[in-house]
Amino acid sequence: MTTTDQASATRPLRADAARNRARILDAARELFADRGLDVTLDDVAAHAGVGVGTVYRRFANREELIVGVFVDHLETIAAKIRTAVADADPWESVVILLTTVGDVMASDRGLATVLTAVDHTAETMRAAKATVEELVTEIVEKAKSANAIRPEIETADFFGLVCMLAAIGDATQNTDGAWRRFAEILLDGLRGDGPRVPLTTPALTEDQIRQLDEHKLERLRRQ
């Protein structure tokens, strides 16, 4: 089944249409983070400052919009990683892969909400995921060939690692950069022969953990 946004993706968007689509996706992410998924396309249009018809031309319903938000995430991540690893050695490429994903997830408050509801069978979703998987496989295989990571590591392992970072990024979103400590711990577990990865980010304090728990409760009350 072809969705509204999939049909439009077969031809280049005009500059103004591309800007409007970006505004719609940004607005949707913010609303998903603040209110959960119970927002309408009318809400998104108002928050984005565009006409309701503009939103409906891009996304026929909320489900299409959720897919659009997540596909945009995947495309952003793939582009950032591909550029960053162009001249990197095999181990550095693994570091870039994990830290780039962690940074994107930690900086976008709406991602965890979208991740739980996105339709992974959507055609655009499958295509975007395939692109990311090919890139991750290339990085993993080069790192294994160079003995930079443990030989039993597979591309599929990064799905779990990404989920871990997504969860910790969401849980610590009010604590600047806390997710990086956990990324370093994960990288230390991936490393093949060689020096251990230093932990450059301090552990969370008891006060920070208490504040994070209070923030989560407040978010639940608002939903």
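At what angle do the axes of helix 5 and helix 8 cross, and within what distance do they come? The axes cross at roughly 25 degrees and come within 9 Å. The legends below start with the overall fold and then turn to close-up views of this predicted model.

**View 1. The protein is built from eleven helices and zero strands.**
From the N terminus on, the elements run α-α-α-α-α-α-α-α-α-α-α. The protein has 223 residues, and buried residues make up 43% of them. Among the contacts with a separation of 6 or more, 66% join residues 24 or more positions apart.

**View 2. Helix 5 packs on helix 8.**
Helix 5 covers residues 62-84, and helix 8 covers residues 123-145. Their axes cross at roughly 25 degrees. An angle under 35 degrees counts as roughly parallel, and the two helices are therefore roughly parallel to each other. Helix 5 passes helix 8 in a left-handed crossing. From helix 5, the contact takes in Val67, Phe70, Val71, Leu74, Ala78, Ile81 and Arg82. From helix 8 come Thr124, Met125, Ala128, Lys129, Thr131, Val132, Leu135 and Ile139. By class, this contact has eleven nonpolar, two polar and two charged residues.

**View 3. Ile81 lies in helix 5 and is buried.**
Its relative accessibility is 1%, and the cut-off for buried is under 20%, so Ile81 counts as buried. Neighbours within four places in sequence are left aside here. Beyond them, Ile81 is in contact with Leu97, Thr100, Val101, Leu135 and Ile139. Leu135 and Ile139 belong to helix 8, and both take part in the contact of helix 5 with helix 8. Leu97 belongs to helix 6. Val101 is 20 residues from Ile81 in sequence. In space, the C-alpha atoms of Ile81 and Val101 are 8.4 Å apart.

**View 4**
Buried residues in helix 8 are Met125, Ala128, Val132, Leu135, Val136, Ile139, Val140, Ala143 and Lys144. Several of these places in sequence can be read against the helical repeat. An α-helix has 3.6 residues a turn, so residues three or four places apart point the same way. What covers the buried residues of helix 8 includes helix 5, helix 6 and helix 9. Helix 6 covers residues 90-107, and helix 9 covers residues 157-171.

**View 5. Helix 6 packs on helix 8 at an angle of about 145 degrees.**
The axes of these two helices are 8 Å apart. Their crossing is left-handed. Pro90, Ser93, Val94 and Leu97 in helix 6 meet Val136, Ile139, Lys142 and Ala143 in helix 8. The residues of this contact divide into six nonpolar, one polar and one charged. Val136, Ile139 and Ala143 are among the buried residues of helix 8. Ile139 also meets helix 5.

**View 6. Ser107 of helix 6 is exposed.**
The relative accessibility of Ser107 is 58%, and it therefore counts as exposed. Gly177 is 70 residues away from Ser107 in sequence. In space, the C-alpha atoms of Ser107 and Gly177 are 9.4 Å apart.

**View 7. Asn147 has a positive phi although it is not a glycine.**
Its phi is about 60 degrees. At 53% relative accessibility, Asn147 counts as exposed.

**View 8. Helix 9 packs on helix 10 at an angle of about 160 degrees.**
Helix 10 covers residues 179-190, and the two axes are 9 Å apart. That angle makes helix 9 roughly antiparallel to helix 10. The crossing of these two helices is right-handed. Helix 9 contributes Phe158, Leu161, Met164, Leu165, Ile168 and Gly169 to the contact. Helix 10 contributes Trp179, Phe182, Ala183, Leu186 and Leu190. The residues divide into ten nonpolar, one polar and no charged.

Methods: Residues numbered from 1 in each chain as written. Predicted model: local features only at pLDDT ≥ 70, side-chain atom pairs only at ≥ 80, totals over all residues. Heavy atoms only, no water. Axes fitted to C-alpha atoms, helices over the stretch in contact; angles between N-to-C directions. Parallel < 35°, antiparallel > 145°, perpendicular 65-115°, else oblique. Left-handed = near helix turned anticlockwise from the far one by under 90°. Contact = heavy atoms within 4.5 Å. Nonpolar A, V, L, I, M, F, W, Y, C, P; charged D, E, K, R; others polar. Buried < 20%, exposed > 50% of the residue type's maximum accessible area, 1.4 Å probe, protein only.
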